[in-house]
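Biologist: I would like to learn how to read a few local features in a model. Can we take them one by one?

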Amino acid sequence: MKFLKKNIFYLLLTAFMIAVFTIPKFGDFVRGQILMSPSISKVESEITFSDADYNLALKGINVPDANLKDFKNETVFLNFWGTWCPPCRAEWPSIQKLHDAKNGKMKFVLIAMQDKEEDIRKFLKENNYNVPVYVAQSPLTEKLLPSVFPTTYILGKGGRILQKEDGSKDWNSKNVSEFIDNVTK
């Protein structure tokens with residue numbers, strides 16, 4: 001009895017180590033918890049849009065129809081919005097100014113969600129906006145599907161997510177302009 005009390009820690013540690021090395025799934029779990037090192041492919045998939053994410057048919061409202069994959073090798077300002085969304089409407093003037101300033105450096109893809117075409121056309125016309133607006137014609141992947149409106153991504157060439165903004169933002173700021181200048185060099 002005295003031996004057990006004195007060596008219980010070592011016995012439990014030995015049993016644990018045997019389990020780690022003899023039960024593969026348990027060993028993988030323990031190593032994953034201790035190291036907390038996600039695989040490079042998992043990290044890459046979290047910060048990059050895949051070909052499946054990019055395969056999105058788009059109906060052009062004020063531009064020709066396209067597919068998001070047409071823009072994969074470009075730097076892209078990708079925004080999900082709606083005319084029914086007050087924060088979306090509030091950020092539009094700054095998006096238009098950004099478009100006017102950076103249109104040659106990057107592509108703009110604004111996707112109206114849960115909206116009627118006539119409402120979108122009316123909104124653009126009343127405000128003299130000419131930023132390219134589309135309506136998705138195929139389902140969005142889970143990664144693309146916004147949880148709040150507006151949601152904006154700045155994507156690098158190849159689909160790397162350089163910036164994500166959930167909610168409205170002043171896109172005509174000096175910081176945004178410098179960021180875009182740096183990522184489009």
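**Reading the model, feature by feature**

Modeller: Gladly. Keep in mind that this is a predicted model. Let us begin with a charged residue.

Biologist: Which side chain of opposite charge is nearest to D53, and how far away is it?

Modeller: The nearest is K143, at 4.1 Å. A salt bridge needs the side-chain nitrogen within 4 Å of a carboxyl oxygen, so D53 has none.

Biologist: Where does D53 sit, and what lies around it?

Modeller: D53 is part of helix α4, residues 51-54. Beyond its neighbours within four places in sequence, D53 touches T48, L68, T141, K143 and L144.

Biologist: Which backbone nitrogen lies 2.8 Å from a polar atom of the D53 side chain?

Modeller: That of S50.

Biologist: Now the backbone. What should I expect of phi and of peptide bonds?

Modeller: Most residues other than glycine have a negative phi, and most peptide bonds are trans. Then look for departures.

Biologist: Which residues other than glycine have a positive phi near 55°?

Modeller: Q114 has one, and N128 has one. Q114 lies in the loop between β4 (107-112) and α6 (117-127). N128 lies in the loop between α6 and β5.

Biologist: Are Q114 and N128 buried or exposed?

Modeller: The cut-off for exposed is over 50% relative accessible area. Q114 has 64% relative accessibility, so it counts as exposed. N128 has 66%, so it counts as exposed too.

Biologist: And where is the peptide bond that is cis?

Modeller: It runs from F149 to P150, with omega near -5°. P150 is in the loop between β5 (133-136) and β6 (151-155).

Biologist: Take I120. What is it in contact with, leaving aside neighbours within four places in sequence?

Modeller: I120 contacts I61, W81, T83, A112, D115, V133 and V135.

Technical notes: Residues are numbered from 1 along each chain as its sequence is written. This is a predicted model: local features need pLDDT of at least 70, side-chain atom pairs count only at pLDDT 80 or more; totals for chains, interfaces and linings use all residues. Side-chain values use heavy atoms; hydrogens and water are left out. Helices (H or I, at least four residues) and strands (E, at least two) are DSSP runs, numbered from the N terminus. Buried means under 20% relative accessible area, exposed over 50%, partly exposed in between (1.4 Å probe, protein chains only). Lys and Arg count as positive and Asp and Glu as negative; His and the chain ends are not counted. A polar contact is a pair of N or O atoms within 3.5 Å; within protein, one must be able to donate a hydrogen and the other to accept it, and residues adjacent in sequence count only if both atoms are side-chain atoms. Contact means heavy atoms within 4.5 Å.
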